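Take a look at the protein shown below. This report walks through it part by part.

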Amino acid sequence: MKIFEIMETKDYENVILCHDKTSGLKAIIAIHDTTLGPALGGCRMWTYDSEEDAINDALRLARGMTYKNAAAGLNLGGGKTVVIGNPRTDKSEALFRSLGRYIESLKGRYITAEDVGTNLKDMEYIRYETKYVAGLAETSGDPSPFTAYGVYRGMQAAAEEIFGTLDLRGKVVAIQGVGNVGYNLAKHLYEAGAKLIVTDIFEDNVKRAVEEFKAEYVKPDEIYGVECDIFAPCALGAIINDETIPQLKCKIVAGSANNQLKEERHGDILQEKGILYVPDYIINAGGVINVADELNPSGYNRDRAIRKVSMIFDTVKKVIQKSKEENIPTYAAADRVAEERIKAIAAVKDNYIVK
Ligand SMILES: NC(=O)C1=CN([C@@H]2O[C@H](COP(=O)(O)OP(=O)(O)OC[C@H]3O[C@@H](n4cnc5c(N)ncnc54)[C@H](O)[C@@H]3O)[C@@H](O)[C@H]2O)C=CC1
Ligand SMILES: O=C(O)CCC(=O)C(=O)O
């Protein structure tokens, strides 16, 4: 892997490899861009096929956070941590405290939070070693319900565009992954009268959605081909690709998963097929908007955070509008929204030096 070449072409600031023999920690902290402020992005724990896969995931996710935070109007840059290991069997207090010490050593350039495979308890262990961790139980808490609410609002915006109404009653939504976000999203959709088709690799997660929301279940590899109005990827990334696109029968792709497009060209193909793709980092910003509220000088305010998350509706509309006006796919329109803000603020910061 040509790490410095990747860092140069995609403008990464730092990639930190963290290793601790006693706790077994093997982690990567990637800091992409801190033009707007300290890098904020969650900590993912996952079993990767190779160390290269883990580093690639950290890099892609960190860059996604730069764009997500910029487009959401936050004064934050982008970063992410990836811990290599099985989140169901390899966790320990020592492992997360060890990671916390690495984060502390960065002195605030990077702030962590939950992501796939990590939870409030893990964040508490990190907090023993550093204050640069958000999303703790006593402050903003688990970001997943906020992410789910943001996805729901973004879906409404997309539905208004495609179906002429933001009412999701009777619409069929296929959810891939009913974990923390997928479960909470399913709840909003069920309450709004949508019909749900779900899948997951964990049986307990499927059972919960089927029992609580009368969802229909399909096997993991069948979810792409189901007849539905909206396909909501809420598991892992790169699931919009050459194999899955020909199977899709939906009119909208809108879900929480980060890095849904395997490659940018897959966003072009969706557009050619007449499927509206709601860019992942626009629609899934609810969690980070919520945790970022903790950094407010007056402290965390839940109502304010919910109000801001709700505005994902408007951001999705803005991106769709830009895509139409500039005749570009939605993923490219989202990138322009983020890049224009970073460029404008970088110019302001160059204006004069504050001593
Ligand atoms: N938790 C949050 O607030 C945020 C999450 N995201 C993204 O949303 C996605 C979901 O996050 P969480 O719900 O927190 O994670 P989670 O780990 O709680 O849920 C993911 C679910 O997907 C399932 N899954 C994994 N691979 C699958 C496959 N091939 N087919 C079907 N199901 C599969 C897992 O079994 C799990 O139940 C991730 O991509 C994450 O990065 C993005 C922004 C914030
Ligand atoms: O929501 C979080 O916990 C932090 C933000 C993040 O990692 C994400 O949005 O992917």
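Where is alanine 148 found? Alanine 148 sits in helix H5. Keep in mind that the model is predicted. Is alanine 148 buried or exposed? Alanine 148 is buried, because its relative accessible area is 0% and buried means under 20%. Set aside its neighbours within four places in sequence, and alanine 148 is in contact with Val181, Asn184, Leu185 and His188. Glycine 287 is 139 residues away from alanine 148 along the chain. Yet the C-alpha atoms of alanine 148 and glycine 287 are separated by 8.1 Å.

Helix H5 also holds serine 144. Serine 144 is buried, with a relative accessible area of 8%. Which residues does serine 144 contact, leaving aside its neighbours within four places in sequence? They are Asn180, Val181 and Asn184. Val181 and Asn184 are also among the contacts of alanine 148.

## Leucine 106 in its loop

Leucine 106 belongs to the loop between H3 and E6. This leucine is buried, with a relative accessible area of 14%. Not counting residues up to four places away in sequence, leucine 106 touches Ile16, Ile29 and Ile31.

Now pair leucine 106 with glycine 64. In sequence, leucine 106 and glycine 64 are 42 residues apart. In space, their C-alpha atoms are 20 Å apart.

How many salt bridges does a search of the whole structure find? The search finds 20. One of the salt bridges joins aspartate 115 to arginine 44. Their closest N and O atoms are 2.8 Å apart.

## Arginine 97 and its partners

Arginine 97 forms a salt bridge with glutamate 93. The closest N and O atoms of this pair are 2.9 Å apart. Both residues are in helix H3 (residues 93-105). Arginine 97 and glutamate 93 are four residues apart, so about one helical turn separates them. Arginine 97 is partly exposed, at 28% relative accessibility. Glutamate 93 is partly exposed as well, with a relative accessible area of 35%.

Glutamate 129 also forms a salt bridge with arginine 97. Here the closest N and O atoms are 2.8 Å apart. This pair links distant parts of the chain. Glutamate 129 is in the loop between H4 and helix H5 (144-163), whereas arginine 97 is in helix H3, 32 residues apart. Elsewhere, salt bridges with shared partners join Arg44, Asp57, Lys80 and Asp115 into one network.

## One face of helix H8

Helix H8 spans residues 264-272. Its buried residues are His266, Gly267 and Leu270. Where do they fall around the helix? Seen down the axis of H8, the buried residues fall within an arc of 105°, so they line one face of the helix.

What covers these buried residues? The cover includes strand E11 (252-253), strand E12 (276-277) and helix H13 (330-351). Just after H8 comes glycine 274, with a positive phi of about 80°.

## Where H2 meets H13

Helix H13 also packs with helix H2 (residues 51-71). The axes of H2 and H13 are 8 Å apart, at an angle of about 80°. H2 and H13 are therefore roughly perpendicular to each other, because angles from 65 to 115 degrees count that way.

Which residues meet here? H2 contributes Thr66, Tyr67, Asn69, Ala70 and Ala71. From H13 come Asp335, Val337, Ala338, Glu339, Arg341 and Ile342. The residues of this contact divide into six nonpolar, two polar and three charged.

Technical notes:
Residues numbered from 1 in each chain as written. Chains lettered and ligands numbered in written order. Predicted model: local features only at pLDDT ≥ 70, side-chain atom pairs only at ≥ 80, totals over all residues. Heavy atoms only, no water. Salt bridge = Lys/Arg side-chain N within 4 Å of Asp/Glu carboxyl O. Helix = DSSP H or I, 4+ residues; strand = E, 2+ residues; numbered from the N terminus. Buried < 20%, exposed > 50% of the residue type's maximum accessible area, 1.4 Å probe, protein only. Arc of directions from axis to C-beta. Contact = heavy atoms within 4.5 Å. Axes fitted to C-alpha atoms, helices over the stretch in contact; angles between N-to-C directions. Parallel < 35°, antiparallel > 145°, perpendicular 65-115°, else oblique. Nonpolar A, V, L, I, M, F, W, Y, C, P; charged D, E, K, R; others polar.
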